[in-house]
Amino acid sequence: EEEEEEEDEEKKDGEVEEGEEGDERNETEGTENPEKSSDKKAADTKADPKAAAKTTTTVDSDSDNEQDESGEEKPEEEEVKPVKPKRKFFYFKETDYQSRVPSPKFHAYKSVEDSVLSITTLKENLKVYVIASGVMYGNGETVFNEQFKRAWLQSPSSLKYIGEGNNFIPTVHVKDLSRFVKKVSETKPEQPYLLCIDETVDGTQKNIIDTISKGVGTGLTESLPLEDSLLEENADIFTVNLRMKPSSLLIGEEADFEWWSQKGLMANIDKVLTEFNSHRGLKPIKVFISGPPACGKSHFANLLSSHFNIPHVNITDVIKEVTSQEEEGDPLALEVSATLKELKDKMIEEAEKTKKKKEQLDYSKFNPRVPDEMLFKIFQWKLGQNACKNRGYVLDGYPRTYDDAKGVFYVPEKKEKVEADEEAEEEVVEAGEEKDENEEGEEGE
């Protein structure tokens, strides 16, 4: 074993010596005759194209770091980031009706549609149409009834959407569907299968539920896992994901259709809420309790509030509620907080001037009174919330006077506003004319 190790070491030493001699030979050849080395490289390139590629890339990388003739460094090329492809959606068209595949719950519907469409083969003079509509809403609600009911009662406080809520739900107002049926009977189009949907923009399940919660309820929403949605009413409808292209009778240059809710539920939530309240006979209960101090106003206001499920509104709670919105950047909250801070600083400054020597002031007892104009804005903000607009309220001790009530509730009509603005302009003009006459008189004197 020792002899074999010695032989291996001798072989290694011999290889090292040969390598050094070869390097010396290459150096001398490179300095003495560069043309021979270039010819040799060309020959090596022909023999081994892979090696040529390697040498080319090496030269290119070295040349990037070189400077141009003027001595300035060449700017490095910016890396081109790959562009994400735009999402493309495939729409279900009227001409695709023969390829539709219903879910098990709606097999009977498809059978009826196919039977009706096949009647034309038996009777030539008979015109038959099948109108497939989006999910209907409006005039009291059916599919969206549970969502409107929960939002109206604000119980629970947040509405739930199933899963991630990214699925697209086609919709149409029931009035627009009725008008479309009339339009079809009048125009008698050639296409037997027609699609009636509105022009909702980004009508995903989550966006629709968010709109109902903000327009009717508290504005809060949360996700319901798919496995927990089996007992939810109309869960199969809320999980549908289908984009449909409306009929040419509804959109296009030649379409002459009178829409009631063209942009969908989300763009017309106030109109749909008015229909919901009117159809179901829902009217707000508005109660005002007044009386001298310590007569039990708040006690009876609480009883009425809990019995009718309507908000109890008093000055202290409303001011606390609006100031609590300061962190969220609410404009009214910031204005109220700034006004109260300014008034408190003035009270402390006056107290410091009039206090006796060695007297200690308790700054926590300085509670400034909110100005009347500010109170009007605060109460208008509170009474304008969905709970008060839909269900009503109990006013506890405020407004105190006729002027307070006028400041909170009175909204001048447009004519009165215009007349008031004209009177103000006339007063300004008259004041300007008097000023000019006085200046002319002074110049004459």
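Asp210 and Lys206 sit four residues apart in helix α7, so about one helical turn separates them. The two form a salt bridge, with their closest N and O atoms 3.1 Å apart. A salt bridge here is a side-chain nitrogen of Lys or Arg within 4 Å of a carboxyl oxygen of Asp or Glu. Asp210 is buried, with a relative accessible area of 14%. Lys206 is partly exposed, at 27%. Buried means under 20% relative accessible area, exposed means over 50%, and partly exposed lies in between (1.4 Å probe, protein chains only).

This is a predicted model: local features need pLDDT of at least 70, side-chain atom pairs count only at pLDDT 80 or more, and totals for chains, interfaces and linings use all residues. Residues are numbered from 1 along each chain as its sequence is written, and side-chain values use heavy atoms, with hydrogens and water left out.

**The chain overall**

The protein chain holds 16 helices and nine strands. Helices (H or I, at least four residues) and strands (E, at least two) are DSSP runs, numbered from the N terminus. Of the 445 residues, 29% are buried. Contact means heavy atoms within 4.5 Å. Among contacts with a separation of 6 or more, 78% join residues 24 or more positions apart.

**Two cores**

A nonpolar core is a set of buried Ala, Val, Leu, Ile, Met, Phe, Trp, Tyr and Cys residues joined through side-chain atoms within 4.5 Å. The largest one has 22 residues. Phe144, Phe148, Ile208, Ile212, Val216, Phe238 and Leu265 have the most contacts inside it. Six elements each supply at least two residues of this core: β2 (135-137), α5 (145-153), β3 (158-162), α7 (205-216), α8 (235-238) and α9 (269-279). What does Phe144 touch, leaving aside its neighbours within four places in sequence? Its partners are Val135, Met136, Tyr137, Thr171, Ile208, Ile212, Phe238 and Leu265. A second, separate core has 20 residues, including Val313, Ile315, Val336 and Tyr393.

**Helix α12**

Helix α12 covers residues 331-354. Its 24 residues should span 34 Å at 1.5 Å a residue, and its end C-alpha atoms are 35 Å apart, which agrees. The expected span is 1.5 Å times one less than the number of residues. At the start of α12, a side-chain oxygen of Asp330 reaches to within 3.2 Å of the backbone nitrogen of Leu332. Buried residues of α12 include Leu332, Val336, Leu340 and Ile348. The buried residues of this helix pack against α11 (315-323) and α13 (372-383).

**Charged pairs**

Side chains of opposite charge can pair when their charged atoms come close. The count comes to 13 salt bridges. Three of them are listed here.

| Pair | N to O distance |
|---|---|
| Asp236 and Lys105 | 3.1 Å |
| Asp210 and Lys206 | 3.1 Å |
| Lys341 and Asp345 | 3.4 Å |

Asp236 is partly exposed, with a relative accessible area of 32%. Lys105 is exposed, at 56%.

Lys341 and Asp345 both lie in helix α12, four residues apart, about one turn of the helix. Lys341 is exposed, with a relative accessible area of 55%. Asp345 is partly exposed, at 38%. Elsewhere, salt bridges that share partners join Arg100, Lys110, Glu113 and Asp114 into one network.

How values were computed: A polar contact is a pair of N or O atoms within 3.5 Å; within protein, one must be able to donate a hydrogen and the other to accept it, and residues adjacent in sequence count only if both atoms are side-chain atoms.
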